[in-house]
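Hi everyone, thanks for making time. I'd like to walk you through one model today, so let me put it on the screen.

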Amino acid sequence: MSTLNTDLSCIHAPFKLPNTVSLVAGSAEGKTPLNAFDNALLKAGIGNLNLIRISSIMPPKAEIIPLPKIPMGSLVPTAYGYIISDVKGETIAAAISVAVPKDKELCGLIMEYEGKCGKKEAEETVREMAKIGFEERGWELDRIVSIATEHTVEKIGCAFAAAALWYK
Amino acid sequence: MSTLNTDLSCIHAPFKLPNTVSLVAGSAEGKTPLNAFDNALLKAGIGNLNLIRISSIMPPKAEIIPLPKIPMGSLVPTAYGYIISDVKGETIAAAISVAVPKDKELCGLIMEYEGKCGKKEAEETVREMAKIGFEERGWELDRIVSIATEHTVEKIGCAFAAAALWYK
Amino acid sequence: MSTLNTDLSCIHAPFKLPNTVSLVAGSAEGKTPLNAFDNALLKAGIGNLNLIRISSIMPPKAEIIPLPKIPMGSLVPTAYGYIISDVKGETIAAAISVAVPKDKELCGLIMEYEGKCGKKEAEETVREMAKIGFEERGWELDRIVSIATEHTVEKIGCAFAAAALWYK
């Protein structure tokens, strides 16, 4: 009976396995470093959520989907990379990749990267990192999905990229 | 039926939205940096809990209340700022603010700050940050609640301020 | 009735208290800093999980056990220390300790340490830190359990030690 099963899953795995992954990215200026971070999150579409930072696995069979509507203030397990700079004229970037396995019983691997570079370099780097992670595991790769953002700093800027896990 | 509803909330939002926020702060010395941090948490009243660091939203309609009695070892979603210093005579401070919206359907915004400064400066800074965050959102502010702590370092000191989310 | 009780625990403490603690450690090289970290986690046996970093309490009556089989991608509350270095020939180490109380109503204290040192020094340091933490609380110590790992860097290396909380 489904009611009972749900109860048991609450007991034995209270943190239910997320089954969706959404890649988002955004860059922004802010009046303070934390406000720049907050604004970058707003740009990325996850500014009114409570991100819980995770190291960095896509659960088996999770679906990669556009960011769903998540209630404000929700506790959202999220892998992310970000960089904040106050060096006027500096270009900063953040990127996220997800390596998806051929074998659907296996998990995916999320990698994050941030640096003083452009979007293209950040995205290539983070895709390479995900590829390496699969090679280290000896797993066959189906594909790599990625997102990146760059920003040229005016006063205080932040570049932010994330993979948010959620439930459908 | 309430049993069924609860089950469904476990399925679709396994991380139930916290509905209380408690501001705490504390400073302390310690024999090592991590022991100073541990002691500052004890001073703040949340030393025997497992803080899960979050980025930094008060769920809509959450109540700001004194820290409730939370069982030891509980996993407590918490926004916090802290600073550790081993420079004898240095004054360090940490502060937390919560911007509460007029529109009760919206979430609140938690900001944290830490620096080599006094309590007053830290608290003014963190309140300003929360105000800016609301301006960026174009939201009307009801009020800002805040807390701060300062410490003058003897050997190794830590100043810590937090907003702990919980449930009632 | 147990179904009802479970429901209530979901409502009032959505983050169910973990009741097991498992100490793991591992070191590895990697082609990038984050790949070295990922490889160290794989060596430690927790590379395909989503670690949620916590500050650092063993819930009362939790059992210290070998790492159980945890489904890939699970959200695992974990205290950890790590160090990444790209200085060829440098020795790095990470260590974790758990101070277990005599009074079984009290919680245990987890401490983490990482540094440019050997395994023995890291482990002695982190055990001392746990002992100090109990002295600060005025609690009687039953015993301290610990684990450590060291690594001499070739190109990019990571040493990682963790206490993973879980459920049985």
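Before I go on, some housekeeping. This is a predicted model, where local features need pLDDT of at least 70 and side-chain atom pairs count only at pLDDT 80 or more, while totals for chains, interfaces and linings use all residues. Residues are numbered from 1 along each chain as its sequence is written, chains are lettered from A and ligands numbered from 1 in the order in which they are written, and side-chain values use heavy atoms, leaving out hydrogens and water.

Back to C:K61. It sits in the loop between β3 (57–58) and β4 (63–64) of chain C; helices (H or I, at least four residues) and strands (E, at least two) are DSSP runs, numbered from the N terminus. C:K61 also has a positive phi of about 70°, although it isn't a glycine. Now look over at chain A: A:K61 has a positive phi of about 70° too, and isn't a glycine either. Its place is the loop between β3 (57–58) and β4 (63–64) of chain A, and at 58% relative accessibility A:K61 counts as exposed.

Next, chain C against chain A. The contact, meaning heavy atoms within 4.5 Å, takes 28 residues from chain C and 35 residues from chain A. The buried area is about 2,600 Å², with carbon and sulfur atoms giving 66%; that's the accessible area (1.4 Å probe) that two parts lose on being put together, summed over both. C:L34, C:M72 and C:L75 supply 22% of what chain C buries against chain A, more than any other three residues.

Which residues make the salt bridge here? A:R137 pairs with C:D38, the closest N and O atoms being 2.8 Å apart. The rule asks for a side-chain nitrogen of Lys or Arg within 4 Å of a carboxyl oxygen of Asp or Glu, and the count between chain C and chain A is one. On chain C's side, the elements giving two or more residues are α1 (2–12), α2 (33–44), β2 (50–55) and β5 (75–85). The largest share, seven residues, comes from α2(C).

There's strand pairing as well, which needs at least two bridges found by DSSP. Two bridges join β2(A) to β2(C), and the strands run antiparallel. In β2(C), C:I52 is the bridge partner of A:I54.

Finally, turn to chain B and chain A. Here 36 residues of chain B are in contact with 28 residues of chain A. About 2,600 Å² is buried between them, and carbon and sulfur atoms give 67% of that. One salt bridge turns up across this interface: the side chains of A:D38 and B:R137 meet at 2.8 Å, N to O. Chain B's side draws at least two residues each from α1 (2–12), β2 (50–55), β5 (75–85), β7 (108–115) and α3 (119–137).

And β2 shows up again: β2 (residues 50–55) of chain A and β2(B) pair in the antiparallel sense over two bridges. There, A:I52 has B:I54 as its bridge partner. That's my tour, thanks!

Terms used. Buried < 20%, exposed > 50% of the residue type's maximum accessible area, 1.4 Å probe, protein only.
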